[in-house]
Amino acid sequence: MARALAFAWPYAKFCIVGGLFGRTFADWCASVSSVDGESMSPTLDGHQAERMLVEKRCLYTYDFTRGDVVVLRSPRSHREVLVKRLIALPGDWIQVPENQEIRQIPQGHCWVEGDNAANSSDSRSYGPVPLGLMQGRVTHVVWPPQRIRRVDRNMPEGRIMSQ
Amino acid sequence: MSGFFRRLAGIPWRSIAGDAFSRALLVAQAYCAVHVVDQHLCSLAFVRGPSMLPAINLAGDVLAVDRVSARLGRVENGDVVLMISPEDPRKVVAKRVLGMEGDSVTYLVDPGNSDASKTVVVPQGHVWVQGDNIYASKDSRQFGAVPYGLITGKIFCRVSSVISFASLSF
């Protein structure tokens, strides 16, 4: 028994240390996540089993730019993680065509929308989301090989008036 | 001059580099272990301010934070939680949970000046948080119910009362 343990210990230790390094790297630098759903097509397509690179350095100072594709915890269900495009930052005025209204984003919040407007439940249904829910920013698609590319920021025209 | 270079070449650079690398690796492993435990298991937090009097001191208390139950969704009414402030994501605040999703919460709108109260139903995926000291607390009465995802940990123990830092001032 003790011999089996002594034999297995270096492998177990390697796995544990590898896990700690990996977890720390995923929390501080970047991680790879799979895409699910269609709310961000054509930018990100869940049906092709795409994997995206999510960078975490933006979370050090919550420094986001309008048009970034971000990963966030859903305000409706904390276990669910969504990927949307960040359209407006705190203090901006945004025009919501569905409700014919113009709203100002409160301090500490942002407005997120999916690129596939018809098939996305986003800030148009649940309003501005706190920036504290952000979990990272998508910079590249890394799988499958034919879909490897950078995910650029782009903004819908004429909907925002910044502070 | 050439004696200096000869001594330089005689130093065992390879084994020094090997030693330095293995020590650096040890430090890196220790840092990663501390980070993982602190972010995902259990942590200590120094909390101060008037909003949670009398539970938490004005001058500050060191509290033990349980990160596992918050992530598993095991936060209930009455728990004191650490959460990211909905008004500034760089700030972490401690408040008490008074309503889970679906609960109906009645609160005093302006406790110092009037008895008026309002009742509100907490939306799906949100919690209602209030400071214990309602006269000096900015909480859900001002910014509304907050999404559960902002909660980073549940406070289960006060550490600084075991080691008491008492300042004597006359």
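Author: Strands E5(A) and E11(A) run antiparallel and are joined by 2 bridges. In this pairing A:Trp93 stands opposite A:Met161 of E11(A). Strands here are DSSP runs (E) of at least two residues, helices are DSSP runs (H or I) of at least four, both numbered from the N terminus, and two strands pair if DSSP finds at least two bridges between them. The model is a predicted one, in which local features need pLDDT of at least 70 and side-chain atom pairs count only at pLDDT 80 or more, while totals for chains, interfaces and linings use all residues. Residues are numbered from 1 along each chain as its sequence is written, chains are lettered from A and ligands numbered from 1 in the order in which they are written, and side-chain values use heavy atoms, with hydrogens and water left out.

Strand E5 (residues 93-96) of chain A also pairs with strand E6 (residues 101-104) of chain A, in the antiparallel sense and over 4 bridges. Here A:Gln95 stands opposite A:Ile102 in E6(A). The hairpin of E5(A) and E6(A) has 4 residues between the strands, and A:Gln100 takes a positive phi near 55° in it. Together the strands make an open sheet of 3 strands in chain A, with the order E6-E5-E11 and antiparallel pairing. Its edge strands, E6 and strand E11 (160-161) of chain A, each pair on one side only. In general, strands of a sheet pair through backbone hydrogen bonds.

A pocket is an open set of points on a 1 Å grid over the protein atoms alone, where a 1.4 Å probe fits, with protein on both sides within 12 Å along at least five of seven lines; lining residues have an atom within 4 Å of a point. The largest pocket is lined by 34 residues, and A:Asp27, A:Leu59, A:Gln135, B:Gln39 and B:Arg71 lie nearest its centre. H3(B) gives the most to this lining, with 5 residues.

In chain B, the domain assignment (bounds from an automatic or database source) gives domain 1 (3-39) and domain 2 (42-162). The centres of these two domains of chain B, taken over C-alpha atoms, are separated by 45 Å.
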